[in-house]
Amino acid sequence: MSLYEQFRAHVRAQTPVALATIVEGPGVGAKLMVTRIDGDEVVSGSLGHPDLDRVVARDTAGELEAGRTGVRHYGPEGQATPEDLVDTPTVVVFIESFSPPPQMWVFGAVDFTAALGRVAKVLGYRVTVCDAREIFATKRRFPMADEVMVTWPTPMFESRGHTLGPRDAVCILTHDPKFDVPAVQGALATNVGYIGVMGSRKTHTKRLERLAEVGVSSPEQLSRLMSPIGLDLGGRTPEETAIAICAEIIARRTGHTASSLKTTSGSIHS
Amino acid sequence: MSDMREILDDIDRWRSAGKKVAVARVINIEGSGPRDPGAAMAVNEDGEVAGSVSGGCVEGAVVSEALGIIHDGGPGKMVSFGYSDDEAFAVGLTCGGIIRLYIERLDW
């Protein structure tokens with residue numbers, strides 16, 4: 001199997017994979033691939049020198065872990081410090097990380113869920129819809145979802161909460177305390193990057209009381225909850241609400257203000 | 001963002017039809033740029049395109065470069081696009097940045 005075919009197979013299987021390509025200097029076009037299978041790093045391909053391969057494989061594994069893509073400079077034999085690079089041709093290596101898509105878990109099989117699922121798919125999320133009510137949580141109602149789970153939040157988080165990380169999102173749209181309290185508790189026990197909970201300000205206040213009753217009351221925990229969910233765009237339809245939620249997720253990730261660019265200054269993309 | 005993953009289906013379709021393919025990836029961007037490193041675009045020997053590497057500013061020029069690489073059969077190369085005062089008519093990004101791309105034949 002060619003390196004490209006192996007790469008394609010890893011992408012299709014959603015195995016984390018990174019490609020390192022010499023884009024300038026001796027050996028342009030040479031490639032090395034790093035994957036992580038069952039926790040072990042597997043290296044294939046070569047950049048033309050065993051020491052260069054060893055150093056680049058190590059760096060590529062690090063970039064893959066962090067989900068970063070970018071350029072690094074080496075000497076032809078893997079030299080990496082500025083002193084070592086004097087008087088040697090520079091090998092410019094482009095490292096591309098391909099991590100599996102971020103996850104969005106949506107609790108509550110309601111109309112907002114369908115709209116949110118559609119917008120989340122546009123943004124590249126793997127979408128899981130979860131509701132305990134069998135007649136509502138169906139693939140037919142949520143064809144955009146990668147997965148529809150008929151279950152309660154607690155078992156869902158117990159079995160899979162450990163797979164959630166900083167790039168992932170949990171959106172709780174149920175409005176129903178017997179569902180959203182355990183969902184909030186479950187989400188807070190993970191490293192998930194975004195936790196949004198739907199409901200009016202009144203619902204939010206009542207929910208805080210219920211959360212306090214089950215012991216969720218510390219400011220650190222409560223500050224992770226984006227509730228009421230979404231940016232204040234003034235929209236009303238499920239689709240507009242979905243945009244407001246996803247826009248908030250993006251702004252939380254980037255740390256930007258979510259104001260109109262017209263009213264702010266400075267670099268746009270930094 | 002469209003990286004290599006999003007264009008695999010198109011690449012597969014072209015390759016199984018026996019078409020030669022080149023791939024361009026954004027390597028880095030100076031100043032303002034619409035796409036991050038890793039944004040990818042594929043071009044087949046007939047000039048068909050999948051994916052994108054900018055907001056439409058440089059795609060046309062990338063197609064010409066890619067077709068050149070497909071037909072010459074040479075190794076991959078870096079190309080830059082950006083606005084500068086001496087090259088008022090050069091292809092550039094409307095947002096004023098400089099974009100550097102690596103274009104290679106998909107023969108690996």
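Predicted model: local features only at pLDDT ≥ 70, side-chain atom pairs only at ≥ 80, totals over all residues.
**Helix pair, chain A.** I looked up helix 5 (residues 153–160) and helix 6 (residues 177–188) of chain A; they pack at an angle of about 15°, and their axes are 8 Å apart. Helix 5 and helix 6 of chain A are therefore roughly parallel to each other. I checked the hand of this crossing too, and it is right-handed. On the helix 5 side I found A:P153, A:T154, A:M156 and A:F157, which meet A:F179, A:P182, A:A183 and A:G186 of helix 6. I sorted that contact by class: six nonpolar residues, two polar and no charged ones.

**Sheet, chain B.** Next I traced an open sheet of five strands in chain B, with the order 3-2-1-5-4 and antiparallel pairing. Strand 3 (49–51) and strand 4 (77–82) of chain B each have a single partner strand, so one side of each lacks a neighbour in the sheet. From one strand to the next I get an average twist of 25°. Strand 1 and strand 5 of chain B pair over eight bridges, and I located B:A22 opposite B:R105 of strand 5. Helix 2 (residues 59–72) of chain B packs on this sheet and touches strands 1, 2, 3, 4 and 5; its direction makes about 30° with that of strand 5.

**Where the chains touch.** Last, I went to the contact, which takes 19 residues from chain A and 17 residues from chain B. On the chain B side, strand 1 (21–30) and strand 5 (98–105) are the elements giving two or more residues. I sorted that side as nine nonpolar, five polar and three charged residues.

Definitions and conventions:
Residues numbered from 1 in each chain as written. Chains lettered and ligands numbered in written order. Contact = placed C-beta atoms within 7 Å. Helix = DSSP H or I, 4+ residues; strand = E, 2+ residues; numbered from the N terminus. Nonpolar A, V, L, I, M, F, W, Y, C, P; charged D, E, K, R; others polar. Axes fitted to C-alpha atoms, helices over the stretch in contact; angles between N-to-C directions. Parallel < 35°, antiparallel > 145°, perpendicular 65-115°, else oblique. Left-handed = near helix turned anticlockwise from the far one by under 90°. Pairing = 2+ DSSP bridges.
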